[in-house]
Protein chains: 2
Amino acid sequence: MSNLKLSVLGNGAAVPTAYCNPSGQLLTFEGNQFLIDCGEGTQMQLLKHKIRYRKLENIFISHLHGDHYYGLIGLISTFHLYGREKPLTIYAPADLEELIKHQLQVSKTTLNYELRFMHLENYNDDPLFESDDFYIKSFPLKHSVPCWGFVFREKPLLRKINREFIENKKIPSEQIVKIKQGSDFVDSDGVTYLNSQITIAPRKSLSYAYCSDTAYDESITKHIKDVTLLYHEATFDNSMETVASEKLHSTASQAAQIAKNSNSLKLLLGHFSARFKDPKVLLDEARKVFPNTFLSIEGRTYLIENK
Amino acid sequence: MSNLKLSVLGNGAAVPTAYCNPSGQLLTFEGNQFLIDCGEGTQMQLLKHKIRYRKLENIFISHLHGDHYYGLIGLISTFHLYGREKPLTIYAPADLEELIKHQLQVSKTTLNYELRFMHLENYNDDPLFESDDFYIKSFPLKHSVPCWGFVFREKPLLRKINREFIENKKIPSEQIVKIKQGSDFVDSDGVTYLNSQITIAPRKSLSYAYCSDTAYDESITKHIKDVTLLYHEATFDNSMETVASEKLHSTASQAAQIAKNSNSLKLLLGHFSARFKDPKVLLDEARKVFPNTFLSIEGRTYLIENK
């Protein structure tokens, strides 16, 4: 059973409050860890919530507004001070590279590990990261500075063959792979077994999309089609739709509309404006459009599954 | 009664832990607020501990190791987002100015208030800040990058004249000031009243010194002579004196020796290495040298007084 988990470290907007930290979340999939955004205090949130991040090798920064990256240099420094040796790759807008180098130069720090910068401007539909089992892509969001969303998609899983059938028919291993990929099977007597008779469909592949910060933008739905979980910013409520539009942010209802139009299974709201001490109003408004909506909670780890 | 208070926001060393944040503290004196160092998360610590900082107009950054300034850009941004209009002055090593400007440029931010940078390299014994009642000076510490300590000193207070004496003798106001400054008084009959007969000594002026980060350095005592409260780094315990020396940090005993030699009234230890979950060992070692020692506690506000 695959294990895709999302730990929300910060779900506030630009100004931190006593109850909301700036953006940051850790996505974990079978031994891989990905940090998405890294606002000030992200490393403290990891400590506070006892979330281990030793396997972190890839960080994704959506855009260069401070609430999405001010915590990055601190995390880089902490890794250095703890003697990290394995490389750390940062997928971010190009300008971040010079800034981080400037910060290291000011403190006369030469890292004892390699920092690799990958510029989001250089990818289009190409995956940022790909393994045998999954890939991560970026796509443009609609914000006041260049900004990208990210989507994690597990690759289609193989069909499952009945184990007894494999043993009884003494199916050679190269045939097993083909059957799992959808081929029919012909035994030594020339009898054909349709794939649908001898296999069962795998579970649906898991996926996760991160959309923050963005104005309502229908065009993003094509990038996040059918995701298992969508995290979408919901900075404002319905009464502030004009402000949201001006500031290139979304209302909770708009986030829900994106979830609905992209056929997402579940929606997690975040990036709450500091004015909402209790963001329940955002939940209520979003559920009217997309019932399977939840408010993200800092420190909570969500299992991303097909239900 | 003067009110000098110190709020400790972070007392950890370079690596934050679940119980220690990076350096930061707020010094408050009669409507003036001064932030000393601003490690990552300092603004969250202010929020968490419900410490208001609306009157903050001056920030002092001791040196450019990240645990002493990574939180500054976040605080600057928050002031901007909350519509601050009054200027903010930052006393820091010169290199910080370009770095902060670089950060603002990357996020395309034009602040709606003035940011004034004062370079610590340009002061020697001149005060960084001076009012009628007090001044703040910097002095060099002994660390791996240029680093400064800070000392706040209330100016000598005027002597107090018996109010009845003033009224009975109908002393003109210009004479009152002179008597308060120490002059004798001659009345209209030519009778001389010695200052010591007609006034009482004021309370001792209050003072505070901040020494972090520094190796043991006897030469700093001349700058912090007789302070009411000394905050001194105590990164290591006695068993690590060699490491402390190599890394240009101090042990708790060395901090206590500085407190003793400078004739400080009270010592507050901080900048604890992440290895000390319970820094009581540091307290015990320091008290053997300087009994009036305490461990700083994050979120606590200390009244600085002559006892």
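Q: Two residues are in contact if their C-beta atoms, placed from the backbone, lie within 7 Å; how many residues does chain B bring to its contact with chain A?
A: This is a predicted model, where local features need pLDDT of at least 70 and side-chain atom pairs count only at pLDDT 80 or more, while totals for chains, interfaces and linings use all residues. Residues are numbered from 1 along each chain as its sequence is written, with chains lettered from A and ligands numbered from 1 in the order in which they are written. Chain A puts in 31 residues, and the number from chain B is 31.

Q: Which helices of chain B each supply at least two residues of the side that touches chain A?
A: That side of chain B has 14 nonpolar, 13 polar and four charged residues (Ala, Val, Leu, Ile, Met, Phe, Trp, Tyr, Cys and Pro count as nonpolar, Asp, Glu, Lys and Arg as charged, the others, Gly among them, as polar). Helices here are DSSP runs of H or I with at least four residues, strands are E runs of at least two, and both are numbered from the N terminus. The helices are H1 (42-48), H2 (72-81) and H3.

Q: How do H3(A) and H3(B) run relative to each other, roughly parallel or roughly antiparallel?
A: Their axes (lines fitted to C-alpha atoms, for helices over the stretch in contact, with angles from 0 to 180 degrees between N-to-C directions) come within 10 Å and cross at roughly 165°. Under 35 degrees is roughly parallel, over 145 roughly antiparallel, 65 to 115 roughly perpendicular and the rest oblique. That makes the two H3 helices roughly antiparallel.

Q: Which residues of H3(B) meet H3(A)?
A: By class, this helix contact has four nonpolar, four polar and two charged residues. From H3(A) come Asp95(A), Leu99(A), His102(A), Gln103(A) and Val106(A). Facing them in H3(B) are Asp95(B), Leu99(B), His102(B), Gln103(B) and Val106(B).

Q: Which strands stand at the edges of the sheet in chain A?
A: Chain A has an open, mixed sheet of seven strands, ordered S7-S8-S9-S14-S15-S16-S17, where strands pair if DSSP finds at least two bridges between them. Two of these strands have a single partner strand each, so one side of each is left without a neighbour in the sheet. They are S7 (129-130) and S17 (293-295).

Q: What is the bridge partner of His232(A) in S16(A)?
A: S15 (residues 229-233) and S16 (residues 266-270) of chain A pair in the parallel sense over five bridges. Helix H9 (residues 280-289) of chain A touches S16 and S17 of chain A, at about 170° to S17(A). In S16(A), the partner of His232(A) is Leu269(A).
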